[in-house]
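Please look over the sequence and the structure shown here, and then read the briefing that follows, which is grouped by topic.

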Amino acid sequence: MTTPTADLGFSCNGVRADPYAAGPTLVFRLRVTAGAGVRVHALALRCQLRIEPARREYSGAEAEGLADLFGERSRWGNTLQPLQFAQVSVMVPSFTGETETDLVVPCTYDMDIAATRYFHALEEGEAPLLMLFSGTAFTGAGGFRVEPVPWDREASYRMPAAVWRAMIEQHFPGCGWLRLPRDTMAELLAFRSRHSLASWEATVRALLDAAAPDPPAPPRLGAVLPRVVVTERTAP
């Protein structure tokens, strides 16, 4: 008698931001199914998440925010290519038939990361994701049988952009994030110390104020002011 294979299938039922994580973290709710009568003792699963930007429309403001990733909209037929988002692993415990598990994805607000810039540019709607699965399944009714997760296993999911914004706002409320080289950071720290500035915001503000052009000087007493030409009829 032929032993049935696991015939695993995957889908995503939702996503939420983890409110208790130390850093920005998304938690995807993953549904896993197995073939009829197959007992899965454990599943060592790997998941690669990709963004598929060609699978949605973009407003004018969103297109401007994505210009540094994909160029002008006229070129998007060639440049709107998938972006790598994350690669994570999870151990799924024993089940028969189907089960659900959390897929935890640590995120970053580093704007040098292409996926972060993509999510940041979205004003509304959803981000089209593709989950690609691989790994090892331990199956068998009376013992253990090792099966690889086929490389063609995948699942599409449209993540609401609002979930990403809520996650970032939770960890960086009303703020942005900027990564600088170590030597530049050392110079900024020395500048802050020399001027006894209380925060990094005050440090950057002092530099911006110093670089701002001087406002025009007020007219001197006795100076000839320019004539004002009235082009509209005035009341007598």
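The buried residues of helix α5 are covered by elements that include β1 (9-17), β2 (25-33), β4 (83-92), α4 (114-121), β7 (126-139) and β9 (154-160). This is a predicted model, in which local features need pLDDT of at least 70 and side-chain atom pairs count only at pLDDT 80 or more, while totals for chains, interfaces and linings use all residues. Residues are numbered from 1 along each chain as its sequence is written, and side-chain values use heavy atoms, with hydrogens and water left out.

**Helix α5**
- In helix α5 (residues 161-171), the buried residues (under 20% relative accessible area, with a 1.4 Å probe and protein chains only) are Ala161, Val163, Trp164, Met167 and Ile168.
- Because these buried residues fall within an arc of 165° when seen down the axis of α5, they line one face of the helix; the arc is that of the directions from the helix axis to the C-beta atoms.

**Glu62**
- Glu62 lies in helix α1 (residues 60-65), and it counts as buried because its relative accessibility is 2%.
- Its side chain makes a polar contact with the side chain of Arg56 at 3.1 Å, where a polar contact is a pair of N or O atoms within 3.5 Å, and within protein one must be able to donate a hydrogen and the other to accept it, with residues adjacent in sequence counting only if both atoms are side-chain atoms.
- Leaving aside neighbours within four places in sequence, Glu62 is in contact (heavy atoms within 4.5 Å) with residues including Ala121, Leu122, Glu123 and Glu124.

How values were computed: Helices (H or I, at least four residues) and strands (E, at least two) are DSSP runs, numbered from the N terminus. Buried means under 20% relative accessible area, exposed over 50%, partly exposed in between (1.4 Å probe, protein chains only).
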